Amino acid sequence: MNKQTKKIVIIGGGITGLTAAYYLQKEMRNAQLPYEITLLEGTDRLGGKIQTDTTNGFVIERGPDSFLARKESAARLVKEVGMEDQLVPNSTGQAFVLNNDQLYPIPGGAVMGIPTELSPFISTKLFSLKGKSRAAGDLILPRANNGDVDQSLGLFFRRRLGNEVVENLIEPLLSGIYAGDIDKLSLMSTFPQFSEVEKQYRSLILGMKKTTPPSRRSTGKKKPAFLTVKSGLQSFVRTLEEKLTDVHIRKSVKVDQIQRNHNSYTLLTTSGEELMADSIIVTTPHQQVFHMLREHKEVAPLQEMPSTTVATVAMAFSEEAIKKAMDGTGFVVSRNADYTITACTWTHRKWEHAAPKGKVLLRCYVGRAGKEEIVDKSDEEIVQTVLNDLNQIMEIEGHPEFYRITRWRQSMPQYEVGHRERIDKVIKGIHQKMPGVFLAGASYNGVGLPDCIDQGEEAVTSVQNYLK
């Protein structure tokens, strides 16, 4: 072997690790770099939270079902691996908020719950006159004078728009993304753009109106916001894996500890094997990172970082079973509503490929910060609870033809206030103590597929710079 060969190990075979492996391999080939790349995955399959079930002609995503179209890295990677013909946009349609046992259409012009058009906001019955008046106060309120100090999403939006708009619209929309408590989630780590809008335009309403294209403001017929892979996201993972012909992929290998030896590293696996590396990209959840680097006090903040347990409940029906059909793509649930489900997607309406003709696919979500006990109940109890909730607003006859429940334990990292500073400190500490070891993934800088793909690409750049 060439003395100059550099061994790079990627720990974790979710979308972040797969991205890092793909782009490292690409750089290695293009620049004829002397790399030896190994990808280690602790389970017997790649893809992490990406799991697709194809039963009886249904395409059921058990983890993420799509990605934001405006964040281009995910679509770019799908195209790079030759699956451009499989990319499909979501069908647009009315989305609702469930509050007081009633479905209210999300007002036209609401961007992440922030009103940007007057008429739909005035006419909606989702808020009282008092709530609307308080939200209008945003138009005259001064901007905050606390600069770039982090605060919770709840505190920020309540100050600008009042409690009612936050509880009935903003909270169900935003907390669904992170399965978190908006009164704890960090503004600067989740939606820093809103802070920038306030800084620049003073009023959130006026600022969002000026910065959002009209096509994205309308909640009627609008430009699709999401894309997915028609054959299922797992087929994308499979194709990525097939492309990694110059990467040693090893499954069911768990790393217990990473030790530094001068300018290289030893990875100790749970089976007692030792692997050598010149540089490492760690893409596993933060709890596992803390365990692997437990001898270093610099990673202590990762031990304190909370995660939420959630579950997805996909249920297949025939069209005849739905006696009171809804014209839309789904709804989110207000935190004040007395329901266990937090959201429901009418998947067959949002994604035409997801269900055969004459069939209905509903995908519901249960579990959120502080209310996670439902996930520990039996499958039958969860399905009955979800059906009871749905039957308060829809009319469903009998039980589903089949269902798929996927429990995601401690899987949703919570970016609480001060998250960015804590993570920056951890990364800086690792850089000093363990140069050449890089962290990437959903625990750090965004939980969506494009965010993870971006972090995988950034890690590749970091490794190359380090090895130079």
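A residue is called buried when its relative accessible area is under 20%, exposed when that area is over 50%, and partly exposed in between, using a 1.4 Å probe and counting protein chains only. The model is predicted: local features need pLDDT of at least 70, side-chain atom pairs count only at pLDDT 80 or more, and totals for chains, interfaces and linings use all residues. Residues are numbered from 1 along each chain as its sequence is written, and side-chain values use heavy atoms, with hydrogens and water left out.

Helices (H or I, at least four residues) and strands (E, at least two) are DSSP runs numbered from the N terminus. Helix α1 covers residues 15-30. From first C-alpha to last, its 16 residues reach 22 Å, close to the 22 Å expected at 1.5 Å a residue; the expected span is 1.5 Å times one less than the number of residues. Most of α1 is covered, with 12 of its 16 residues buried. Among the buried ones are I15, L18, Y22 and M28. After the helix comes Q32, which has a positive phi near 50 degrees.

Strand β14 (residues 264-269) runs antiparallel to β15 and is joined to it by 4 bridges; two strands pair if DSSP finds at least two bridges between them. Opposite A277 in β15 stands Y265. The hairpin of β14 and β15 has 4 residues between the strands, and in this hairpin G272 takes a positive phi near 95 degrees.

Next come the charged side chains. A salt bridge is a side-chain nitrogen of Lys or Arg within 4 Å of a carboxyl oxygen of Asp or Glu, and the structure holds 26 of them. One joins E457 and R76, at 2.4 Å from N to O. This pair links distant parts of the chain, since E457 is in helix α17 (residues 449-467) and R76 in helix α2 (residues 73-80), 381 residues apart. E457 is partly exposed at 21% relative accessible area, and R76 is partly exposed at 36%.

R335 takes part in two of the bridges described here. Its bridge with E171 has an N to O distance of 3.9 Å. E171 lies in helix α6 (residues 163-178) and R335 in the loop between β19 (330-333) and β20 (341-346), so the pair ties together parts that are 164 residues apart in sequence. E171 is buried at 0% relative accessibility, whereas R335 is partly exposed at 24%. In the bridge between R335 and D183, the closest N and O atoms are 3.3 Å apart. D183 lies in the loop between α6 and α7 (187-190), so this pair ties together parts that are 152 residues apart in sequence. D183 is partly exposed, with a relative accessible area of 33%. R335, E171 and D183 belong to a network of salt bridges that also includes R158, E167 and D181.
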